[in-house]
Amino acid sequence: MLDILTIKRKDNAHLTGSCLCAGVTYKIDGPARDVVNCFCSECRKTSGHHVAATRVNKDHLIITSKKTLKWYKCSSGAYKGFCTICGGNLFWDNNKDNQMSISAGTLDPPTHLQTIGNIHTEDASDYSKIPTLDTEKE
Ligand SMILES: [Zn+2]
Ligand SMILES: [Zn+2]
């Protein structure tokens with residue numbers, strides 16, 4: 001099985017990102033995992049669709065503005081970080097390891113990341129189309 005949940009990129013990302021109103025801004029100073037689509041019900045209900053997320057070590061995530069950031073505790077014990085003004089869905093913290101998932105759409109392009117996997121597709125809604133991925137890419 002393809003191990004898609006591990007942060008594999010060795011190059012430092014130096015990425016920046018924000019929500020739409022920029023009440024929440026952040027930077028990543030370290031490796032960022034390629035993007036995985038998550039179809040679980042928590043992602044579905046909080047984003048309105050599926051979530052495409054990168055993942056980083058928490059030590060490499062610097063939240064540069066958290067003025068409008070709020071954390072919602074999901075029933076699974078995971079936390080969703082969102083903006084209370086524009087509703088931007090930025091972070092997901094499983095509260096189990098020292099890693100943070102970050103909604104890839106909140107990153108400022110170019111990200112130099114690629115989409116490498118789909119997870120929890122069994123929870124996808126019936127309208128949903130699971131994207132076909134180019135498995136030739138490493
Ligand atoms: Zn915002
Ligand atoms: Zn999910």
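Predicted model: local features only at pLDDT ≥ 70, side-chain atom pairs only at ≥ 80, totals over all residues.
## Strand β7 and its cover

A residue counts as buried here if 20 or more other C-beta atoms lie within 10 Å of its own.

β7 has a partner on either side. With β6 (residues 69-73), β7 runs antiparallel, joined by 5 bridges, and Tyr72 stands opposite Lys80 in β7. With β8, the pairing is again antiparallel, over 4 bridges; here Tyr79 has Asp93 of β8 as its bridge partner.

## Two hairpins, two glycines

Both of these pairings come as hairpins. The β6 and β7 hairpin has 5 residues between the strands, and Gly77 there takes a positive phi near 95 degrees. The hairpin of β7 and β8 also has 5 residues between its strands, and Gly87 in the turn shows a positive phi of about 85 degrees.

In general, strands of a sheet pair through backbone hydrogen bonds, parallel or antiparallel.

Nonpolar side chains tend to be buried together in soluble globular proteins. In this model, the largest nonpolar core takes in 24 residues, and Cys38, Ala53, Val56, Leu90 and Ile102 have the most contacts inside it. The elements giving two or more residues to this core are β2 (24-28), β3 (35-38), β4, β7 (79-83), β8 (89-93) and β9 (99-103).

Leaving aside neighbours within four places in sequence, Ala53 is in contact with Val35, Val36 and Cys38, with Trp92, and with the run of Ser101, Ile102, Ser103 and Ala104.

## A buried histidine in a loop

Now for a loop residue: His60 lies between β4 (51-57) and β5 (61-66). Is His60 buried or exposed? His60 counts as buried because 20 C-beta neighbours fall inside 10 Å.

Which residues does His60 touch, leaving aside its neighbours within four places in sequence? His60 is in contact with Ile28, Asp29 and Gly30. Take Gly30: His60 and Gly30 are 30 residues apart in sequence, yet 5.2 Å apart in space, C-alpha to C-alpha.

Definitions and conventions:
Residues numbered from 1 in each chain as written. Chains lettered and ligands numbered in written order. Buried ≥ 20, exposed ≤ 12 C-beta atoms within 10 Å, placed from the backbone. Contact = placed C-beta atoms within 7 Å. Core = buried A, V, L, I, M, F, W, Y, C linked by C-beta atoms within 7 Å. Pairing = 2+ DSSP bridges.
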